[in-house]
Amino acid sequence: MTFTTFSKHTNQYKYLKERPQWRGEHLMDTGIKIEEQKMLDSSVESNIFNNLNRGRVAIFIDGSNLFYSALQLGIEIDYAKLLYCLTAGARLLRAFFYTGFDRTNEKQQGFLLWMRRNGYRVVTKDLAQLPDGSKKANLDVEIAVDMMNLTPHYDTAVLVSGDGDLAYAVNAVSYQGARVEVVSVRSMTSDSLIDVADCFIDLDTIKQYIQKDPSSGYNYRPLSNTSL
């Protein structure tokens with residue numbers, strides 16, 4: 001992998017069942033049975049994080065950015081696998097998922113409910129109608145503020161986004177003594193963001209470990225194009 005140092009439809013989402021223990025500690029509540037999910041083995045973890053002392057980790061996921069990254073990679077993200085992968089070798093403080101919210105989209109409401117019940121803190125903002133008819137919500141400010149406010153409580157921030165607008169916040173967090181890992185698709189990641197991060201992980205190199213297995217025992221759908 002590339003590792004550079006420097007209501008109605010809600011019942012579609014079957015809630016997972018048991019809490020796993022990783023490295024002898026309860027790190028998060030995914031509720032997923034180990035035998036139902038193919039998780040990363042220790043060799044994969046060591047290849048990704050190379051015995052880094054990551055300490056306590058806070059994860060900040062730009063939902064829109066990740067959605068388009070998954071489209072580019074041609075995969076559907078398994079969010080339980082993603083969380084397991086990003087917390088490998090560390091203790092999870094919080095995992096935040098930021099997304100625009102469409103109040104009329106029941107599929108999205110079911111998806112976000114599944115996320116809340118499976119280890120994520122979901123942060124939403126109502127979609128704004130643009131002059132061209134499209135809908136968009138920018139949550140860069142929310143991500144930056146949360147990263148800054150929580151700095152005293154974590155050792156490593158994992159930012160799942162390639163948005164260069166977050167480079168200033170990443171740099172500020174680094175000056176507070178926290179390590180910052182940026183995770184995204186290289187072709188969709190701003191050089192300015194990579195330059196201020198401690199390391200960059202290309203999603204393309206770990207996609208086999210985070211993509212949804214069609215035969216998995218639960219089901220959810222990614223956010224639609226208009227729900228971001």
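Analyst: Of the 228 residues in this predicted model, 50% count as buried, that is, under 20% relative accessible area with a 1.4 Å probe and protein chains only. Residues are numbered from 1 along each chain as its sequence is written, and side-chain values use heavy atoms, without hydrogens and water. Local features need pLDDT of at least 70 and side-chain atom pairs count only at pLDDT 80 or more, whereas totals for chains, interfaces and linings use all residues.

The largest nonpolar core holds 33 residues; such a core is a set of buried Ala, Val, Leu, Ile, Met, Phe, Trp, Tyr and Cys residues joined through side-chain atoms within 4.5 Å. In this core, I59, Y79, L82 and Y120 touch the most other members. Among the elements that give two or more residues to the core are strand β2 (56–62) and helix α3 (79–86); helices are DSSP runs of H or I with at least four residues, strands runs of E with at least two, numbered from the N terminus. Helix α3 gives the most, with six residues. A second, separate core of 25 residues includes Y154, A157, V173 and L193. In soluble globular proteins, nonpolar side chains tend to be buried together.

V173 also belongs to the contact between helices α5 and α6, where heavy atoms lie within 4.5 Å. On the α6 side, A169, V170 and A172 join V173, while α5 supplies A144, M147 and M148. By class, this contact has seven nonpolar, no polar and no charged residues.

Technical notes
Ala, Val, Leu, Ile, Met, Phe, Trp, Tyr, Cys and Pro count as nonpolar, Asp, Glu, Lys and Arg as charged, and the others, Gly among them, as polar.
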